[in-house]
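Student: I have a structure open and a list of terms to sort out. Can we go through the terms one by one?

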Amino acid sequence: MRAPGRRRRLARLVLLLSAAAFIVTAVLAWQFSDRWLAEAVADEINARIGGGVHIDGPVSLQVFPPRLALAGLTWQAPGATPGTVRIDRLAVRSEWSAKGAAHPLHIDIQGVRATLRQDGEGRWPLPMATRDAAPAEPAVAVQLATLGVSDAVVTLMAGEAPPTAVRLVRADVAAAPGGWQVQASGGATRADATLDGALSARVDTRARLSDFSAELAGAIGPVQIDALRLTAAAIGQTPAAAWQAEGIGATVRARQDGLQFTLNAEGEALRHDGVDTRLLGLHGTATLSPAMADAPATARFDTLTLHLAGPQLALRGNMQLAADLPVGPVALHATGAALTLDLSAGRLDARLPVLNATAPDPARPGATVALAAELAGQWQLAARQGAGTVTLRVENSRLDGQWQVMLAAPHWLALSARVDRLDLDRWQAPGPARGEPLPLDAWRDWPVQLDLQVGRLRMQGIEARDTRLRLNTPP
């Protein structure tokens, strides 16, 4: 009677031992296959990008429907230039039941941390396909249907400049007729500058963008940017392999220390061929005003052309400026203005061939007087000083002179000029004369050095010739 009981207990023991052995074997086999699959996937990737990829997280592969998930994927840049990209999770899936010639491909990337440093030749280390690795034809035709990237931070280090951190909260690419629809939100931080916002665009199969729109806000140093909007009707390469953006626009609202700045601009095209950058047909309006001001200064510009060639930036076009000064409204119109900024030398060259202006006429209340001027000069950015020439014509008077600005000096504006004729009685405001002239100390406190020679001077009915006025000038 006891033998059957012992046999049953022995059978249960054998079953338990067999189950335990099966579980242990399955776990070991799963761990081995998981590591083997991770190494196999890493080898396949490294064969196409020249090495540098390692997978230290779990890997899962599913055949029906196709699905591959990777965790802990790391890429290390080869060579001496440091660069790393770490991805917490990468999942790729497709569908067998897709209709059409290509099966939809869905990619989801989560948790990206990357650090890239620019090398001495201005290049960034990125995982790129090797030139000698011929692209393999896929066994089944696939087409990108969706791409999602979330929680990504890329730190860029260029030379001695402060690092720039680009943050991507979420980016989505979804298939659309003829291409894909792209939407992204995130920001960037560098030293004391921070910008956050979102962008959207359509991308066709030739990597050409259309309906591009980006909206940003943040701060750059002491300047608070309340709104920055950039738009472009189309962005892509020309037949000559140059990049071109067409139908561009910009809207800016910013403020600093009680001043408010707004800009609305549109341009025909922005072109870049790898060497030169040109912005063509720019026109718009810029306004600068104190907070709550009723009469801000407004600048209008049209047919402007910006040309950036290496370290030189050139600006040509027409500009208008209107402002309310304490003496009354003033308007300036510069035709054929030309500015050239040499970044390598830190020098700004300016030329305003024709500068027309209107200002209040002090002798005729409510009337204005026309002025015409030619202004040219050069400005040294580092030294904060500049010099040039000026010609001014007002009615029958003409002034020819040289100007100099030295912001580090107490009398930072210097003017040496000659006037052929000056009728002070003509410019005398109507009404009784002022009781007392300004004291000499007040004139000396002005931040101006003046050396003015007048060929014919008329004052209070008296005429004088070859008169000279000097103010705050060295002996």
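Student: What makes Glu-395 partly exposed?

Tutor: Its relative accessible area is 47%. Buried means under 20% relative accessible area, exposed means over 50%, and partly exposed is in between (1.4 Å probe, protein chains only). So Glu-395 is called partly exposed. A word on the source: this is a predicted model, where local features need pLDDT of at least 70, side-chain atom pairs count only at pLDDT 80 or more, and totals for chains, interfaces and linings use all residues. Residues are numbered from 1 along each chain as its sequence is written, and side-chain values use heavy atoms, with hydrogens and water left out.

Student: Why does Asp-361 count as buried?

Tutor: Asp-361 has 3% relative accessibility. The limit for buried is under 20%, so Asp-361 counts as buried.

Student: Why is Met-128 called exposed?

Tutor: Its relative accessibility is 55%. Exposed means over 50%, so Met-128 counts as exposed. Met-128 is in the loop between β5 (103–117) and β6 (142–157). Strands are DSSP runs of E with at least two residues, helices are runs of H or I with at least four, and both are numbered from the N terminus.

Student: What makes the contact of Asp-361 and Arg-426 a salt bridge?

Tutor: Their closest N and O atoms are 2.8 Å apart. A salt bridge needs a side-chain nitrogen of Lys or Arg within 4 Å of a carboxyl oxygen of Asp or Glu. So the pair qualifies. Glu-395 also forms a salt bridge with Arg-426, at 2.9 Å between the closest N and O atoms.

Student: How do you know that Asp-466 and Arg-418 form a salt bridge?

Tutor: The N to O distance is 3.8 Å. That is within 4 Å, so the pair counts. Asp-466 lies in strand β24 (residues 462–471) and Arg-418 in strand β22, so the pair ties together parts that are 48 residues apart in sequence.

Student: How many salt bridges does a search of the whole structure find?

Tutor: The search finds 21.

Student: What makes a set of residues a nonpolar core?

Tutor: The members are buried Ala, Val, Leu, Ile, Met, Phe, Trp, Tyr and Cys residues, joined through side-chain atoms within 4.5 Å. Here the largest nonpolar core has 21 residues. Ile-55, Leu-70, Leu-73, Trp-75 and Ile-87 have the most contacts inside it. Strand β5 gives the most to this core, with 4 residues.

Student: Which residues are in the second core?

Tutor: That separate core has 18 residues, including Ala-232, Ala-265, Leu-279 and Leu-282.
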